[in-house]
Structures are given as structure tokens and as C-alpha cells.
Amino acid sequence: MKQVTTLGQFIIEKQNDFPYAKGELSRLLRDIGIAAKIVNREVNKAGLVDILGDQGATNVQGENQKKLDVYANEQFIAALSSGGECCIVASEENDDMVRIDSEVSKNAKYIVAIDPLDGSSNIDCNVAVGTIFSIYRRITKNGLPTLEDVLQKGTNQVAAGYIIYGSSTMLVYTTGKGVNGFTLDPSIGEFCLSHPNLKIPEDGTIYSINEGNYVHFPDGVKQYIKYCQVEDKATLRPYTSRYIGSMVADIHRSIIKGGVFIYPTTSSAPNGKLRLMYECNPMAFIIEQAGGKASDGFNRILDLEVDSLHQRSAIFIGSEHMVLKAEEFMKAHSAGQANGVVASKKSVA
Ligand code: P6P
């Protein structure tokens with residue numbers, strides 16, 4: 001009988017990786033795992049329960065909030081509030097940061113940035129969606145936590161992870177010592193270690209980008225797409241194109257099979273579409289820990305200055321050799337944008 005290691009057991013076992021840890025991070029990760037199981041239950045029956053369709057409200061992104069978005073946001077914030085280890089939540093679904101003022105959290109030392117249900121536009125057509133989270137240590141030492149505690153560079157993350165609600169439900173996370181994947185076993189209601197020490201292939205043959213935006217892409221991206229499509233047996237081209245429209249699913253596939261996911265700047269999204277705090281930074285931390293690479297086409301994602309909660313960034317992320325090749329095309333054909341990309345971060349919407 002194969003030994004089953006649950007997420008809870010694994011977290012406790014790995015706690016020794018942090019000699020000064022007193023269990024707070026372990027409890028925080030456990031709280032996230034509990035909320036993930038609750039959200040999973042609703043995602044898996046979304047078609048049956050009247051939580052589909054637009055809530056009618058719109059979030060700070062101006063996107064219609066689907067009820068499952070709202071539900072997932074509420075569940076994660078509730079779990080983080082009751083767990084007592086988190087003092088602020090920065091969520092895609094909330095215009096401003098959410099201070100956790102509960103009695104148990106007043107001395108909490110962690111900040112969580114979260115996209116509670118990424119890819120939610122796919123919910124109604126039963127395509128994989130996900131949750132993405134990023135964990136930082138509080139910087140300020142006393143008084144109420146402030147925006148300074150939240151707007152930290154990606155290199156300051158102490159942990160990051162995602163949950164993918166797909167053909168199975170998986171939780172994948174890192175605390176800076178490798179990446180591990182856990183598959184939810186519904187028969188026992190536990191996330192069980194299924195993908196220990198995940199590593200992304202250093203090369204791949206799958207490129208993932210919304211080619212519907214082709215005319216609006218930087219020239220470097222257009223040239224890279226053409227490179228992917230050229231017949232060249234020695235380099236296994238033409239590559240395969242796969243685009244789910246759910247970042248978590250496209251990046252999870254890249255980790256398992258190898259590949260590159262690109263969401264560049266476009267004319268309608270001059271700073272990129274994806275959010276630096278709760279989409280790009282956590283995914284970049286995970287991918288680098290799995291041996292891959294993540295940039296905005298020029299600069300390492302984890303090194304980017306964070307100026308605002310909902311700051312956007314271009315992202316080129318996945319197998320190291322594929323990201324490097326795409327960056328070569330950006331340098332050769334869109335070098336002028338390099339400064340623009342960095343400069344535009346200062347004027348982020
Ligand atoms: P587009 C989903 O809305 C999301 O935030 C990511 O999960 C996904 O990769 C991207 O947007 C899809 O955007 O413009 O291709 O539909």
C-alpha cells in the first residue's frame with residue numbers, strides 16, 4: 001500500500017526547513033488548503049447551483065463579477081481571517097487591501113495577495129479555473145499594517161501557490177525550497193502529495209498565447225510566433241499552439257509538459273493584462289523554483305518594482321530555453337519597448 005502524505009502532514013514535515021518558524025506559515029498554508037476544498041466543492045457543482053452567471057457587480061478591473069468569483073473571494077478571506085496568521089489580504093476582487101482586524105489577527109505577521117478565481121470567464125463552459133496566492137512577511141513592526149507591507153517585490157515572497165480546479169483539483173506551492181503538487185482525493189477530502197519536487201522541462205514544443213491579438217503585439221512577439229511556426233525538424237518545429245484562456249491551466253500544463261506562456265503588452269493593454277501582485281509574481285516564484293524562467297520580455301518578473309495593488313505586467317513564463325528565445329526576439333525587434341515597459345510601470349493604472 002503506497003504511503004499517502006497529506007498536505008497537512010507535508011507542511012509539518014517541511015516546517016523544519018525553517019528553524020525559526022513557530023508554525024505560523026504552516027497554519028497559513030493549512031488555512032488556504034481548507035478554503036480551497038470549500039471553493040472546489042462549489043466549482044465542481046457550479047452548473048447545478050444558482051451561482052453561475054453575473055453577480056451584476058463589477059470588480060476593480062471593470063469585469064463582471066461572476067457569483068463564483070465573489071464566493072471564492074469570501075471563502076479565502078474568511079479562512080485567512082479566522083486562521084489568525086494573516087493581517088492583510090490584497091485580492092483581485094477588492095479595490096483596496098482588506099485589513100484583517102479580528103482579535104486573533106492583530107499580531108499576525110503575514111500578508112496574502114490572491115486571485116481567488118482566475119479564468120472565471122471559463123466557468124460557464126466548464127473549463128479549468130484556478131486560485132493563485134502569494135505570501136509575504138509583514139515589514140512594519142507596530143501599529144496597523146500599511147500599504148508598505150503589501151507593495152513588496154516578488155523576491156520578498158515567502159511562499160506562493162495555485163489551486164487548479166480541472167479534471168482533478170490540485171494544489172501546487174513553493175516556500176522557496178522546490179515545488180510540490182498535491183491532488184485532492186475526494187474520498188477522504190484531503191490534498192495528497194502526487195507530484196513531489198516538480199521540475200519544468202528546460203525546453204518544450206508548446207507555445208501559449210492569444211493569437212487573436214496578433215496585430216496588436218510588439219514586433220518581437222510577432223517574430224517569435226513566426227519562429228514557432230517555421231518547419232525545422234532539428235528544433236522540433238513547428239511547435240504546437242495551446243491556449244486555454246486560464247493562466248493557471250496554461251502554466252500548469254507548461255510545468256508538466258514544457259512550454260511557454262506569453263501575455264505581452266498589446267495596444268489595448270499597454271502595460272500587459274495580467275496582475276503583477278497576485279498573478280505574475282506568484283507564478284514567477286513557482287516557475288523559477290521549478291527550474292523555469294519568468295520575465296516581462298526584458299526584466300525578471302520577481303525584480304519588478306511594485307507601485308500599486310492592481311499593477312499590470314507583460315509576462316513571458318515557462319521553460320527556460322523557450323523564454324530565452326522569446327526574449328532574444330524582443331531584444332532584436334522591440335528593444336525600444338524595454339524602457340517603455342519599465343517606465344510604464346511607474347504610471348500603472
Ligand atoms: P484573454 C483570465 O481572465 C485571465 O486573467 C487569465 O487567466 C488568462 O490567461 C487571461 O486572462 C486570458 O486573457 O485576453 O486571452 O482572454
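What is the order of the strands in the open sheet of 5 strands? Here it runs E12-E11-E13-E17-E15, and the pairing is mixed. Before I go on, some housekeeping. This is a predicted model, where local features need pLDDT of at least 70 and side-chain atom pairs count only at pLDDT 80 or more, while totals for chains, interfaces and linings use all residues. Residues are numbered from 1 along each chain as its sequence is written, and side-chain values use heavy atoms, with hydrogens and water left out.

Helices (H or I, at least four residues) and strands (E, at least two) are DSSP runs, numbered from the N terminus. Two strands pair if DSSP finds at least two bridges between them.

Now hop over to strand E5 (residues 110-118). Is it buried or exposed? For us, buried means under 20% relative accessible area, exposed means over 50%, and partly exposed is in between (1.4 Å probe, protein chains only). In E5, 9 of the 9 residues are buried, so the strand is largely enclosed by the rest of the structure. Strand E3 (residues 86-91) pairs with E5 in the parallel sense, over 5 bridges, and there cysteine 86 has tyrosine 110 as its bridge partner in E5. Strand E6 (residues 129-137) pairs with E5 too, in the antiparallel sense over 7 bridges. In that pairing, aspartate 115 stands opposite isoleucine 132 in E6. The loop between E5 and E6 holds asparagine 126, whose phi is near 60°, a positive value in a residue other than glycine. Asparagine 126 counts as exposed, at 73% relative accessibility.

Next up, the ligand. Which residues are around it? Counting a residue as near if one of its heavy atoms lies within 4 Å, the list includes Asp118, Asn210, Tyr243, Phe261, Lys273 and Glu279. Some of these make polar contacts, meaning a pair of N or O atoms within 3.5 Å; within protein, one must be able to donate a hydrogen and the other to accept it, and residues adjacent in sequence count only if both atoms are side-chain atoms. Aspartate 118 has a polar side-chain atom 2.8 Å from an oxygen atom of the ligand. For tyrosine 243, a side-chain N or O atom is 2.6 Å from a ligand oxygen, and for lysine 273 the distance is 2.9 Å. The ligand on its own has 400 Å² of accessible area, and the protein covers 80% of that. Those areas come from the Shrake-Rupley method with a 1.4 Å probe; for residues, only the protein chains shown count as cover.

Last topic: rings. Rings of Phe, Tyr and Trp (its six-membered ring) pair if their centres lie within 6.5 Å; planes under 30 degrees apart are stacked, over 60 edge-to-face, and the rest tilted. By this rule there are 8 aromatic pairs. One of them is phenylalanine 10 with tyrosine 173, edge-to-face at 6.4 Å centre to centre and 90° between the planes. Phenylalanine 10 is in helix H1 (residues 7-14) and tyrosine 173 in strand E8 (residues 169-174), so this pair ties together parts 163 residues apart in sequence. Phenylalanine 10 is buried at 6% relative accessibility, and tyrosine 173 is buried at 5%.

Then there's tyrosine 243 with phenylalanine 261, which is stacked: 6.3 Å between centres and 0° between planes. Tyrosine 243 is partly exposed, at 31%, whereas phenylalanine 261 is buried at 2%.

Ring pairs also link Tyr224, Tyr227, Tyr239 and Phe329 into a cluster. Arginine 237 lies over the face of tyrosine 227, 3.8 Å from the ring centre; the rule is NZ of Lys or CZ of Arg within 6 Å of the ring centre and within 35 degrees of the ring normal. One more thing about arginine 237: its peptide bond to proline 238 is cis, with omega near 10°. That's my tour, thanks!
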